[in-house]
Amino acid sequence: MGRFFTCCLVLCLTASNLTAQRADSAAAARRLMRGATTALAKGDTLAAADSVLAAARSWPTQPAYWFAAAQWQGLAGQPGMALEALAALKALGGGWQHDDPRLASLARQPGFAALRPPETPSRSEIVARLPDPDFHPEGVAWDPRTRRLFVGSVHRGAVILIGNDGVVSSFVPAGTAGLRAVFGVLADTARNLLWVSSGDVLERDGGVAIPRAPSAVFAFSLSNGRLVRRWSFPGGDAAHLIGELVLAPDGTVWGTDSEQPALYRVPSDSSRTELEQVALTHPDWHSLQGLAFSEDGRQAWLADWSTGLFHLDLKAGLVTPVAIPPGMTVLGIDGIYRVGSGHLVAIQNGITPHRLVELDLDARGTRLLALRPLDHPPGAGEPTLGAVTEGGLLFVNGSLWPFYDAAGHLSPREGRPLGEIRLIPWR
């Protein structure tokens with residue numbers, strides 16, 4: 001029993017380090033998790049479980065902590081508290097499987113059978129399935145003129161084209177101009193360019209961590225996939241990774257660095273070959289992901305997978321955490337897209353079950369008023385990034401991040417989902 005609890009504590013502390021929430025609540029939660037480790041080392045299982053519950057209460061927007069609290073309270077013989085933790089998880093939109101072995105201690109509790117996880121309806125439609133089971137899609141781009149899809153691959157390190165007839169073909173082969181794992185892809189029809197962000201990760205077929213090749217942003221011709229231009233990080237620093245590319249209203253291309261949290265953009269000076277860092281930052285940035293601009297380009301919203309949503313006043317140069325009402329969570333957002341004044345759609349893969357949500361903001365854009373689930377994409381893979389179209393949001397589903405081992409090797413194909421592109425129509 002002690003060894004089992006030790007493994008659980010290690011996992012929870014690891015998750016804590018990856019999801020360090022802003023301000024004091026997360027710091028207090030991490031201290032409480034360390035206290036749980038100390039209590040377990042002394043053989044005090046109940047104190048350890050109560051410390052995990054206190055951590056969840058300290059960081060109430062973190063679904064993973066509520067699940068851990070339910071698990072530990074059950075194992076410590078406190079089923080009532082365990083069920084309360086599951087109820088708090090459900091209120092955030094998180095779910096669980098009734099046959100999950102981590103909740104086996106609750107299986108015979110009448111209240112456990114009665115407490116059902118949230119329903120997970122899906123109304124998105126499959127637009128395309130990717131035939132390569134090892135492709136690992138991450139980003140998708142849409143060319144409305146030709147009605148073509150472009151999909152980037154982390155594992156293959158390439159970009160494919162899906163034509164209007166549904167035929168899949170190579171567009172930018174692996175290794176082109178130093179291309180490695182592909183993350184963000186962006187169709188810029190005004191300049192006839194396909195923008196691609198790329199960097200090396202262990203999950204790429206042939207990828208290495210040391211020495212790591214620097215991340216870069218590429219521009220390829222939308223007509224034929226030939227390289228037009230390449231931009232690197234200042235000084236060739238390899239400790240960066242642009243995960244998402246976004247076109248601002250003024251035509252500039254912005255990227256979010258998920259590893260050394262900062263914003264970059266492609267310089268307007270055609271003679272420059274290095275990305276330009278944007279003079280905006282915040283101490284609570286840890287893992288930057290999606291970015292969405294207002295129609296006039298004066299403000300934007302930035303998702304940090306670990307710490308939530310931020311408002312950017314681009315005119316004043318101010319960064320403000322978006323205020324979130326109790327009972328809602330915006331942790332674990334990957335892609336984020338503006339769909340109207342005061343309205344965002346976000347792909348939230350940091351919660352189980354994964355979901356797409358609509359976010360309503362106040363007039364200033366600094367406070368969340370409402371959060372509504374739009375879709376729960378089916379399957380064991382992850383939804384990641386999308387592209388706005390007239391008919392709805394196209395998005396990647398079936399990303400293979402959960403199916404790698406620590407060395408970056410994919411698990412056997414059996415049980416792995418095929419990547420797909422789905423469409424969630426506008427209401």
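This is a predicted model: local features need pLDDT of at least 70, side-chain atom pairs count only at pLDDT 80 or more; totals for chains, interfaces and linings use all residues.

Q: Why does the end-to-end distance of helix α4 (residues 63-75) agree with its number of residues?
A: At 1.5 Å a residue, the 13 residues of α4 should span 18 Å, and the end C-alpha atoms are 19 Å apart, which agrees.

Q: What makes α4 largely enclosed by the rest of the structure?
A: Buried means under 20% relative accessible area. In α4, 11 of the 13 residues are buried, so the helix is largely enclosed by the rest of the structure. Among the buried residues are Tyr65, Trp66, Phe67 and Trp72.

Q: What caps the N-terminal end of α4?
A: Gln62 does, through a side-chain oxygen that lies 3.1 Å from the backbone nitrogen of Ala64. A polar contact requires N or O atoms within 3.5 Å.

Q: How do you know that strand β20 (residues 355-361) is mostly covered?
A: Of its 7 residues, 7 are buried. Arg355, Val357, Leu359 and Leu361 point one way, Leu356, Glu358 and Asp360 the other way, and all are buried.

Q: What makes strand β19 (residues 343-348) a partner of β20?
A: Two strands pair if there are at least two bridges between them. Here 6 bridges join β19 to β20, and the strands run antiparallel. The bridge partner of Gln348 in β20 is Arg355.

Q: How do you know that β20 pairs with strand β21 (residues 368-375)?
A: The two strands pair over 6 bridges, in the antiparallel sense, against a criterion of at least two. Leu361 has Leu368 as its bridge partner in β21.

Notes
Residues are numbered from 1 along each chain as its sequence is written. Side-chain values use heavy atoms; hydrogens and water are left out. Buried means under 20% relative accessible area, exposed over 50%, partly exposed in between (1.4 Å probe, protein chains only). Helices (H or I, at least four residues) and strands (E, at least two) are DSSP runs, numbered from the N terminus. The expected span of a helix is 1.5 Å times one less than its number of residues. A polar contact is a pair of N or O atoms within 3.5 Å; within protein, one must be able to donate a hydrogen and the other to accept it, and residues adjacent in sequence count only if both atoms are side-chain atoms.
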